Amino acid sequence: MSINTAHASNGVLIFLVERILIYYDGVEIEFEGPPDVPQFKGKKRGRLYLTTHRVIFNNKDMRDSMQSFSLPFRSMRDVELEQPIFGANYIKGRVVAEPDGNWTGEAKFKMYFTHGGAIEFGQAMLRAASLASRNRPEQPPPYGPPAYGNYYPAPPPAYAPPSDPYYAWVPYQTFPTAPPENTVYVMEAPPPYPGIVPDTAPYPPASNAHDTFRQDSQRYANPLYIKNMMLTVPV
C-alpha cells in the first residue's frame, strides 16, 4: 500500500492500461497503523475505486493529510467481510507497505459502505485479486516504484464498463455509475504489478465511448451473495 500516490487535480490517478471496474462514492475508512504515521489518524470519507490492479481511495476532505491511498491486491492480507446486526456492512483486513510508498510497516483497515454494496464490492475484489495472482510470474522482477511524471485526462475506456464478456463478473447492477469523466487521470507509467488481464494493450480508440458506456451500463451481472468470505493474496 502507498499513501498519496493515486490522486491528481481533485481526481483519481491511474496507471497506463489500468481500468476502473467499480466506482463507489460514500465509503468510510478507519486505520490502525504505526503511531509514527499521522496519515492513518481519524476516519476517512470519500470515493473508492476497484481497478484491474488494485483498490484506490480518494479523500473528500482536502485538509486531511491522507488524500489518497493505493492498495494493490498483493498488499492485502486476511480480508474479511463483516455483516453486523446493527450498522453498515464493512470489509476489514491488513495491508503491508509498498517500497517507496510514503510509509513503512503494516496496518489494519475497515471499509464501511454507507450506501450498501459491501458484499458485492468484496466479492468483486476477491475475484479480481484471484485473477491478478494468476498473472504473477513465477520469478517476478524486483519491485520498482513507478516514475509518475506527467499525467493527462483518461479516455473513457479507462473508466466506462467494458463490453468484453470477460468482465461479466463485475456487478454493474449494484454499481452502475462511472466516475465523472473530468475526475480520472492516467499517468504515462505502466503498473509495477500484475493485473487481472495479462499483457494488457493500451486503451483502444474511444470515438464511440460514450455510446458504448450507455449500452454497457444496461448489462448486468449476477453477483454472488455470501455471508462471510476471506481473502489472502499470494505474495
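The questions and answers below go through the folding elements, salt bridges and aromatic pairs of a predicted model.

In this predicted model, local features need pLDDT of at least 70 and side-chain atom pairs count only at pLDDT 80 or more, while totals for chains, interfaces and linings use all residues. Residues are numbered from 1 along each chain as its sequence is written, and side-chain values use heavy atoms, with hydrogens and water left out.

Me: How many helices and how many strands are in the chain?
Reply: Helices (H or I, at least four residues) and strands (E, at least two) are taken as DSSP runs and numbered from the N terminus. On that basis the chain has two helices and 13 strands.

Me: What percentage of the residues in the chain is buried?
Reply: Buried means under 20% relative accessible area, exposed means over 50%, and partly exposed lies in between (1.4 Å probe, protein chains only). The chain has 235 residues, and the buried share of them is 50%.

Me: What share of the contacts with a separation of 6 or more comes from residues 24 or more positions apart?
Reply: A contact means heavy atoms within 4.5 Å. Of the contacts in the chain with a separation of 6 or more, residues 24 or more positions apart account for 73%.

Me: In what order do the four strands of the open sheet lie?
Reply: Two strands pair if DSSP finds at least two bridges between them. Strand S2 (7-8) and strand S11 (151-153) are the edge strands, each pairing on one side only. The pairing in the sheet is mixed, and the order is S2-S3-S12-S11.

Me: Which residue in S12 stands opposite Leu13?
Reply: Strands of a sheet pair through backbone hydrogen bonds, either parallel or antiparallel. Strand S3 (residues 11-14) and strand S12 (residues 184-187) pair in the parallel sense, over three bridges. The residue in S12 opposite Leu13 is Tyr185.

Me: Which residue forms an aromatic pair with Tyr151?
Reply: Rings of Phe, Tyr and Trp (its six-membered ring) pair if their centres lie within 6.5 Å; planes under 30 degrees apart count as stacked, over 60 as edge-to-face and the rest as tilted. For the pair with Tyr151, the centres are 5.7 Å apart and the planes are at 80°, an edge-to-face pair. Tyr151 is in strand S11 and its partner in strand S12, so the pair ties together parts 34 residues apart in sequence. The partner is Tyr185.

Me: Is Tyr185 buried or exposed?
Reply: Tyr151, its aromatic partner, has 38% relative accessibility and counts as partly exposed. Tyr185 has 13% relative accessibility and counts as buried.

Me: How many residues apart in sequence are the parts that Tyr24 and Phe175 tie together?
Reply: The structure holds 13 aromatic pairs. In one of them the ring centres of Tyr24 and Phe175 are 6.0 Å apart and the planes are at 75°, so the pair is edge-to-face. Tyr24 is buried at 6% relative accessible area, and Phe175 is buried at 5%. Tyr24 lies in strand S4 and Phe175 in the loop between S11 and S12, so the parts tied together are 151 residues apart.

Me: Which residue forms a salt bridge with Lys60?
Reply: A salt bridge is a side-chain nitrogen of Lys or Arg within 4 Å of a carboxyl oxygen of Asp or Glu, and by this rule the count comes to 11. For Lys60, the closest N and O atoms of the pair are 2.7 Å apart. Lys60 lies in the loop between strand S6 (54-59) and strand S7 (68-72), and its partner, 35 residues apart, in strand S4 (residues 20-32). That partner is Asp25.

Me: Is Glu28 buried or exposed?
Reply: Glu28 in strand S4 and Arg45 in strand S5 (residues 44-51) are 17 residues apart, and their salt bridge has its closest N and O atoms 3.4 Å apart. Arg45, at 44% relative accessibility, counts as partly exposed. Glu28 has a relative accessible area of 19%, so Glu28 is buried.

Me: Over the ring of which residue does the charged end of Lys43 sit?
Reply: Lys43 belongs to a network with Glu28, Glu30 and Arg45, joined by salt bridges that share partners. A charge sits over a ring if NZ of Lys or CZ of Arg is within 6 Å of the ring centre and within 35 degrees of the ring normal. The charged end of Lys43 is 5.8 Å from the centre of the ring of Tyr112.
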